[in-house]
There are 2 protein chains.
Amino acid sequence: MPQQRILPYIILGILSGQKQMNGIQITNVFKTEIGEFWRSSHSQIYPELKRMLDDNWVKVVPTEENDKEIYYQMTGDGQNVLDEWLVESNTIPLPSKDLFALKMYFIQDKNDPRIIQLLEEQRELVKDNILHLEERNRLLFSKEETVNSNYGHFLILDRAIKRQKGFLRWLNKQIKQYKDA
Amino acid sequence: MPQQRILPYIILGILSGQKQMNGIQITNVFKTEIGEFWRSSHSQIYPELKRMLDDNWVKVVPTEENDKEIYYQMTGDGQNVLDEWLVESNTIPLPSKDLFALKMYFIQDKNDPRIIQLLEEQRELVKDNILHLEERNRLLFSKEETVNSNYGHFLILDRAIKRQKGFLRWLNKQIKQYKDA
DNA sequence: TGAATCATGTAACCGGTTACATGATTTT
DNA sequence: AAAATCATGTAACCGGTTACATGATTCA
């Protein structure tokens with residue numbers, strides 16, 4: 001069997017809450033908000049919206065003859081599909097394309113200088129990423145009410161920050177150990 | 001430009017250290033050792049080996065007319081390509097297909113019971129994964145000398161375990177907070 | 001008015017998975 | 001001898017990216 005398609009569920013998630021959006025707006029959500037967790041581009045989204053329209057997961061909402069722009073809204077069917085998906089069981093995700101781990105794997109010798117090189121490069125990347133994530137957190141969740149009305153988003157951003165901070169601590173420890181030897 | 005192909009480098013990494021292996025053996029490395037970090041199947045690996053042969057990254061080593069089985073070995077060119085790749089700069093990896101994060105993102109309301117459901121399900125998955133990783137660690141790195149001669153592998157396995165333990169602590173904290181409220 | 005951006009769409013291509021196929025060797 | 005596994009390979013398909021294309025609107 002082919003592997004589970006995720007994109008339509010994400011689009012439903014984006015549309016949830018009575019929102020009506022056109023293709024570009026949905027695309028932009030991937031560029032900003034949701035881009036931290038998933039990627040997609042307009043050339044994938046437009047055909048997907050057509051398919052969802054056929055399946056009656058979304059409907060086109062008429063606008064005052066603006067033409068050209070097509071606004072979509074989730075249907076009742078779509079809401080049901082989304083609700084079912086949200087409570088489906090998950091599995092541990094497949095490994096992500098992590099070149100740091102992969103390269104490290106191939107360096108056998110403990111004294112190979114490329115180990116410390118990889119560790120230090122990764123440290124810079126992770127530091128930058130932490131700054132980025134904390135900036136997002138400040139931007140989005142400074143106010144308590146935003147936290148409470150976007151709690152899932154808040155939680156996973158919090159998790160992402162803690163994860164990278166844990167990674168940074170680990171990197172620092174390994175680097176220190178290396179320097180001391 | 002098309003995105004960077006990684007598979008040939010991984011195959012070089014697997015062949016590094018004078019090893020000579022056939023397609024099945026390389027495929028099996030993906031099923032066991034390296035499967036924690038990358039996936040590939042034989043239908044991808046055989047054509048890739050052909051291409052690498054054309055590029056002179058690997059060569060066929062003659063066996064005593066066993067026929068059928070084709071053993072490959074890395075060439076000097078291949079070693080150079082691998083060495084260059086290992087010191088190339090990385091970037092933060094694209095988001096992995098993490099359904100936990102994704103679903104969580106779409107649950108807005110702090111009091112939605114699906115939040116605690118997601119957290120608790122994920123806790124079970126992470127617990128199982130930690131057991132699996134620790135078993136791997138015991139199996140592979142009980143002896144000090146194995147650690148020193150596969151240090152990169154040891155490091156990333158260690159990191160994977162610490163990462164999941166951090167995740168588990170975070171999940172427990174969120175769940176507790178939820179139950180207390 | 002020309003340039004930039006908006007909004008939608010299609011085409012080409014690529015990496016990767018699943019399924020199909022086929023002789024050779026090993027096991028029962 | 002039949003069944004299972006080994007070893008290699010091809011075909012079909014699919015999700016996703018990049019590039020191409022095109023009218024409409026907005027901006028300089």
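In which helix of chain A is the place of A:Leu53? I found A:Leu53 in helix α3 (residues 42-54) of chain A. I took helices as DSSP runs of H or I with at least four residues and strands as runs of E with at least two, numbered from the N terminus.

**Basis of the entries**

I worked on a predicted model, in which local features need pLDDT of at least 70 and side-chain atom pairs count only at pLDDT 80 or more, while totals for chains, interfaces and linings use all residues. Residues are numbered from 1 along each chain as its sequence is written, chains are lettered from A and ligands numbered from 1 in the order in which they are written, and side-chain values use heavy atoms, with hydrogens and water left out.

**Entry: surface of chain A**

I looked up the nonpolar surface patch formed by A:Leu53, A:Val60 and A:Ile70, which has an area of about 210 Å². Patch residues have over 30% relative accessible area and no salt bridge; like charges are joined within 9 Å, and nonpolar side chains (Val, Leu, Ile, Met, Phe, Trp, Tyr) within 5 Å. A salt bridge here is a side-chain nitrogen of Lys or Arg within 4 Å of a carboxyl oxygen of Asp or Glu. Areas come from the Shrake-Rupley method with a 1.4 Å probe, and for residues only the protein chains shown count as cover. A:Leu53 has a relative accessible area of 31% and is therefore partly exposed. I used under 20% for buried, over 50% for exposed and the range in between for partly exposed (1.4 Å probe, protein chains only).

I checked the backbone of A:Asn56 and noted a phi near 65°, a positive value in a residue other than glycine. Most residues other than glycine have a negative phi. A:Asn56 belongs to the loop between α3 and β2 (58-61) of chain A, and its relative accessible area of 38% makes A:Asn56 partly exposed. For B:Asn56 I also noted a positive phi, near 65°. B:Asn56 sits in the loop that lies between α3 and β2 of chain B and is partly exposed at 38% relative accessible area.

**Entry: sheet of chain A**

I read the strand order of the open three-stranded sheet in chain A as β1-β3-β2, with antiparallel pairing. Pairing requires that DSSP finds at least two bridges between two strands. At the edges are β1 (20-21) and β2 of chain A, each pairing on one side only. Two bridges link β1(A) with β3 (residues 71-74) of chain A, and A:Met21 is opposite A:Tyr72 of β3(A).

**Entry: sheet of chain B**

I read an open sheet of three strands in chain B, ordered β1-β3-β2 and paired antiparallel. Its edge strands are β1 (20-21) and β2 (58-61) of chain B. I counted four bridges between β2(B) and β3 (residues 71-74) of chain B; B:Val58 has B:Met74 as its bridge partner, and B:Val61 has B:Tyr71. Helix α3 (residues 42-54) of chain B packs on this sheet and touches β2 and β3, with its direction at about 105° to that of β2(B). Contact means heavy atoms within 4.5 Å; axes are lines fitted to C-alpha atoms, for helices over the stretch in contact, and angles run from 0 to 180 degrees between N-to-C directions.
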